[in-house]
Amino acid sequence: MKYKILLSLVTIVSFSQALELRISKGTFNWQMGMPFMKADFDLDTNIYSLSEQHNNFGDSNLYYFYNADIYKSDTMDKITTFVTKPLTQEVPFFGSFNDAVEKYTSIPVPAEYKIRGFDLNLGIGYDLIHTTQGVVGVGVNTGLSLPVMKMTNMKSSAKLTYSLLKNTETTIKTYKLGPIIHANYEIAPNFLIYGSLSTGFQTGTIENDWVKSSFDVDGSYTTLDLGLRYTPYSSTKDLGWIRLDPKLFITAGYSYKKWSMDDEKLNAFNIAEFSSGGLFTSSFDLSYLYIGLGYDF
């Protein structure tokens, strides 16, 4: 994963005409359901981003955009709900977590969690409205998401109930594609409000230590970015064969990203009590306020 992230960042920096670094702290919400467990909790997360909200190719209406997030949380104690198999039950359970709760006893188990990951959105678009005060453009967004969730130190009662590993890791790799809309407007000299909204499809794979093999998932994603940009310095340099308009700018805003995975049937688990299938659901939300510093070459 580190090589994919490094290659993506190097490619962005190499071809970009503008570069903005964002620093933020937000909340990563994780929801996951398997036939034997269910989790829903928030983790405080640090996010570092490289971003360009909207930048035209020269004087044309064509533009490009990108956003690359690297995020990581501290380890936090959270509660996971497990279902226990009665000693008199000998037939493996088939079905969803909600069905399991009706037949088995659920137990809350404290465990330590942490999240790390990488999310990339990039694409091109065309300005339907392009004036000196603002733009409205539509484009195509693509990219990839690589969240990794680690769980450690589960309660001994859960370890005795299941053949659980002391540490488990859930790795998701998805690719996305969908439309996006951008808009910005100069509300005062050197002050610009901006926003973008994208939604679309995603497809990829999920790997977990409790599942005997990785499996394919399909789902959807949504991204939202709203902010204010202040440009304290700008100039124009005519070199004869090219004109440069360097700008130094500061941003502040809000970003929200959501990934949803559809229900998927699994063939087998590494846990004896549920060795013959079930349903898997998962969704992730990342929301944060940010401040940024950028330079337009």
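Predicted model: local features only at pLDDT ≥ 70, side-chain atom pairs only at ≥ 80, totals over all residues.

**Buried charges, cores and surface patches**

Let me begin with Lys-257, which is buried, with a relative accessible area of 4%, where buried means under 20% relative accessible area, exposed over 50% and partly exposed in between, using a 1.4 Å probe and protein chains only. Residues are numbered from 1 along each chain as its sequence is written, and side-chain values use heavy atoms, with hydrogens and water left out.

Which side chains does Lys-257 meet in salt bridges? By salt bridge I mean a side-chain nitrogen of Lys or Arg within 4 Å of a carboxyl oxygen of Asp or Glu, and by that rule the count comes to six. One of the partners is Asp-69, at 2.5 Å from N to O. This pair links distant parts of the chain, with Asp-69 in strand β3 (residues 62-73) and Lys-257 in strand β12, 188 residues apart; strands here are DSSP runs of E, at least two residues long, and they are numbered from the N terminus. Asp-69 is buried, as is Lys-257.

Another partner of Lys-257 is Asp-119, at 3.2 Å from N to O. Because Lys-257 lies in strand β12 and Asp-119 in strand β5, this pair ties together parts that are 138 residues apart in sequence. Asp-119 has 1% relative accessibility and therefore counts as buried.

A further salt bridge joins the side chains of Lys-258 and Asp-285, at 3.5 Å from N to O. The link runs between strand β12, which holds Lys-258, and strand β13, which holds Asp-285, across 27 residues. Lys-258 counts as partly exposed because its relative accessibility is 25%, whereas Asp-285, with a relative accessible area of 13%, is buried. Through shared partners, salt bridges join Asp-69, Asp-119, Lys-176 and Lys-257 into one network.

Now to the nonpolar cores, each being a set of buried Ala, Val, Leu, Ile, Met, Phe, Trp, Tyr and Cys residues joined through side-chain atoms within 4.5 Å. Which members of the largest nonpolar core touch the most other members? Of its 26 residues, they are Phe-28, Trp-30, Tyr-113, Met-149 and Trp-259. The elements that contribute two or more residues to this core are β1 (18-34), β2 (37-56), β5 (105-130), β6 (134-152), β8 (191-208), β9 (215-234), β12 (247-266) and β13 (278-296). Apart from it there is another core, of five residues, including Ala-68, Phe-118, Leu-120 and Leu-146.

Val-217, in strand β9, is buried, with a relative accessible area of 2%, and it is 12 residues from Thr-205 in sequence and 5.7 Å from it in space, C-alpha to C-alpha.

The elements that give two or more residues to the nonpolar patch are β7 (167-188), β8, β9, β12 and β13, and the largest share, three residues, comes from β9. Ile-193, in strand β8, counts as partly exposed because its relative accessibility is 37%. Elsewhere, Asp-40, Asp-42, Asp-44 and Asp-74 gather in a surface patch of negative charge, with Asp-40 placed in strand β2.

Finally, there is a backbone detail. Most residues other than glycine have a negative phi. Asn-190, in the loop between β7 and β8, has a positive phi of about 75 degrees although it is not a glycine, and at 39% relative accessibility Asn-190 counts as partly exposed.

Terms used
Helix = DSSP H or I, 4+ residues; strand = E, 2+ residues; numbered from the N terminus. Patch = residues over 30% accessible without salt bridge, like charges linked within 9 Å, V, L, I, M, F, W, Y side chains within 5 Å. Areas by Shrake-Rupley, 256 points an atom, 1.4 Å probe, with all protein chains shown as cover. Lys, Arg positive; Asp, Glu negative; His and termini not counted. Charge placed at Lys NZ, Arg CZ, Asp CG, Glu CD.
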